Amino acid sequence: MSAASFKTAREIRDAVAAGEVSAVEVCRVSLDRINALDGSLSAFLSVAAERALDRARTIDQDKHHGPLAGVPIAIKDNISTRGIPTTAGSRILKNYVPPYDATVITRLEAAGAVILGKTNCDEFAMGSSTENSAFGPSRNPWDTSRIPGGSSGGSAVAVAAGMTPIGLGSDTGGSIRLPASLCGVVGLKPTYGRVSRYGLIAFASSLDCIGSLTRTAHDAALALSVLAGPDPRDSTASGQPVSDYMGGLSGDIRGLRLGVPRKMLEHGVDDSVRGCFYAALEILRARGAGIIDIELPHAPYAISTYYVVATAEASSNLARFDGVRYGYRAEGSHDLRSMYEKTRSEGFGAEVKRRIMLGTYVLSAGYYEAYYLKAQKVRTLVRRDYEQAFQTVDAVAMPTSPTPAFKIGERVEDPLQLYLVDVFTVSANLAGLPAVSVPCGLTTEHLPIGLQMTGKPFDEATLLRIADSYERDTNWWKECPAI
Amino acid sequence: MPERLTRADVERIAALARLELTDAEKDLFVRQLAGVLEYADEIQAVETSGVPPTSQVLSSQQADRDDTPVPSLSTAEALANAPDRSPQTGLFRVPRVIG
C-alpha cells in the first residue's frame, strides 16, 4: 500500500501550493493506483487520463493556488461532464457525451481540481448496492465479494481505495451516506438546495442532492465550501449565505445536544452496528456533547413514503429517454410509439423499469390519492418530527446502515429487502435536511460501520464540527482496506 | 386500501409508461410490485386529516431573471447525441408519425 495514495485533499493542495509536488505527479499517482486496482474493484466507468494530465499541467504552469489545486476527483457518472461520456450507469445512455458541464464540475475546476474520470453507480442512481449498474457492480475494497453500497458506490470505492481523496456523489435516499458507511469513508449529503443540481441527471427532483465522499470531515468541509452556493441555472439552488465550514472545525462540541431515536434501533439492526453506534455516542459524550433520547414517531413510515414519492418523480423524469434527442434507439420500429417502447424496454434495466412502473401506478387515476397524495402528507409529518426534535437538539444521531456490507447477489431477488437498507437515510431526504456519515468502527470481519448525523436546514457547519471532533478522538477514519 | 395488483394492471401501467414488457417481466412485476405496494400500504394507517402535502421542501424563493438572451448550445451541439438527425436541416429524425 502506498501511503501517498491516502493523502487528504488538504494535504495534496498544500503540497502543490508549496511546490513540494507537482499536480502532474499527484495525477500520475492516482492514475497508477486506478490502473493497479480498478480491474478488481470496478470503481470507474471511464478514466479521462489525458484530459486529467493536461489539466494538471495547466495547474502547474499557472501556479494555481485555488482551494483544490491539483486535487484528483472522481465524479459519479450521473453528473454531466462536457466531452466525457456520462451514462448514469444505464445502457440507454451508453454513448452519451454531454455538450455541457454540470455547475459542480465548473466550480471544482475553477478551484483547481483535476477530474480523473466517472464512477460506477446504480442505473440512474436507483439502488443501494451498485448491482443495478448496466456495466456490472463495483466491489467493496474491504472485501471484494461484497457490495460497496450505492448508489454512489464507485465514488466511495475510489476514495476508500486511495484512488482519489474526493469523490462526488448524489443522494436521493441515502446514495452518498450508505456507500460511505459501507466503505469506511465520510459521506456528506448537504441540505436540499445547498448545491446546484444543474447537470445532474434527474432521478427524483424534490429529493436529489449532490455531495461529497472524502476520507475526513475537513475534506468534506473543503469540498462543500467549493460546491455550495446559488446558481442562476438551477432555480432550486438556494441563496442562503454559505457558512465558513472549515473555520467552524474547532473540535469543541461542549454543550451541543445530540438526539438519539433509540426506538429505531430496537429491530432489524445488526449487533455490530448497534455496538459501534453506542460506543461512538460515548466518545461524543466524553467530548462534552449531551446525548438526549428523542422520538421520531413517523420514522417507521419513511421508507414507504420515500418509495412512493421517489418512484412517482422518477417515472416523470425518465419520460425524457425516448430515443430521439440522445442516447440509445432500438432498431426496427416503423412507427413512433413502438420506437419509444422498444427503446425504453431495451435501454432500461430491471430496477429502473420496476420503479417507473411503480411510479406510474401511484400517479395513475384511482391510485393518486391513496398513494401519492397520501405519501406527500406523511412526508409533511416526517418533516414535522424533525422540526419538533430540533426544538431541543442540535443534531440527530443514528447509524447510517442497519447492517455492514452484504454479499454481491445476496439480495437481488427481493427488491423490498434491498429498499429496507435505506431505513436510516431516507428521512433526511424527505425532510430536505443535511446529513453526514462518518466511519465509527469495524466488525470482527473487518467491515466498516458508519455513524450518521442529521442537522437543521443549512446547518452543515454543525454536522461537520461534530464529525471532525469525533475524528480527533478516534482512528477509524485512518483505517485503510488491505488491498 | 386499494385492491391487489393484477396482470391487467401491469399491462395498463406498462402502456402508460411506454414500456414493452415480456411475459416473464409481467409475471415478475405482478409479484414484486404487489409486494412493494403491500408494504407501502402501511402509510394508509397514518392519520393525515388536515395535514397539507409536501411537494418540495424549499421555502419560496425568487427564481426570476431578466428576460434577456444568454448563450446556449449551438444546433450542431444539440444534435450531436441524437441517434438519427439531419444536420442540414437541423432536425431530429423519428419514424413516421402519421400513417
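Let's start with helix 11 of chain A and helix 1 of chain B, residues 7-16: their axes come within 9 Å and cross at roughly 95°. The axes are lines fitted to C-alpha atoms, for helices over the stretch in contact, with angles from 0 to 180 degrees between N-to-C directions. The two helices are therefore roughly perpendicular to each other. That label covers 65 to 115 degrees; under 35 is roughly parallel, over 145 roughly antiparallel, and the rest oblique. Helices here are DSSP runs of H or I with at least four residues, strands are runs of E with at least two, and both are numbered from the N terminus.

A word on the source. This is a predicted model: local features need pLDDT of at least 70, side-chain atom pairs count only at pLDDT 80 or more, and totals for chains, interfaces and linings use all residues. Residues are numbered from 1 along each chain as its sequence is written, with chains lettered from A and ligands numbered from 1 in the order in which they are written.

Which residues meet at that crossing? From helix 11 of chain A, A:M357, A:T360 and A:Y361; from helix 1 of chain B, B:I13, B:A14 and B:L16. Contact means C-beta atoms, placed from the backbone, within 7 Å. Five of these residues are nonpolar, one is polar and none is charged. Nonpolar covers Ala, Val, Leu, Ile, Met, Phe, Trp, Tyr, Cys and Pro; charged covers Asp, Glu, Lys and Arg; the others, Gly among them, are polar.

Now the whole interface. 59 residues of chain A are in contact with 43 residues of chain B. Helix 12 of chain A gives the most to chain A's side, with 12 residues. That side divides into 28 nonpolar, 19 polar and 12 charged residues.

The largest nonpolar core has 171 residues, and A:I73 and A:V114 have the most contacts inside it. Such a core is a set of buried Ala, Val, Leu, Ile, Met, Phe, Trp, Tyr and Cys residues joined through C-beta atoms within 7 Å. Helix 9 of chain A gives the most to this core, with nine residues.

Last, strand 3 of chain A, residues 114-119. Six of its six residues are buried, so strand 3 is largely enclosed by the rest of the structure. Buried means 20 or more other C-beta atoms within 10 Å of the residue's own; exposed means 12 or fewer, partly exposed in between. Strand 2 of chain A, residues 72-76, pairs with strand 3 in the parallel sense over five bridges. Pairing takes at least two DSSP bridges. There, A:I73 stands opposite A:I115.

Definitions and conventions: Contact = placed C-beta atoms within 7 Å.
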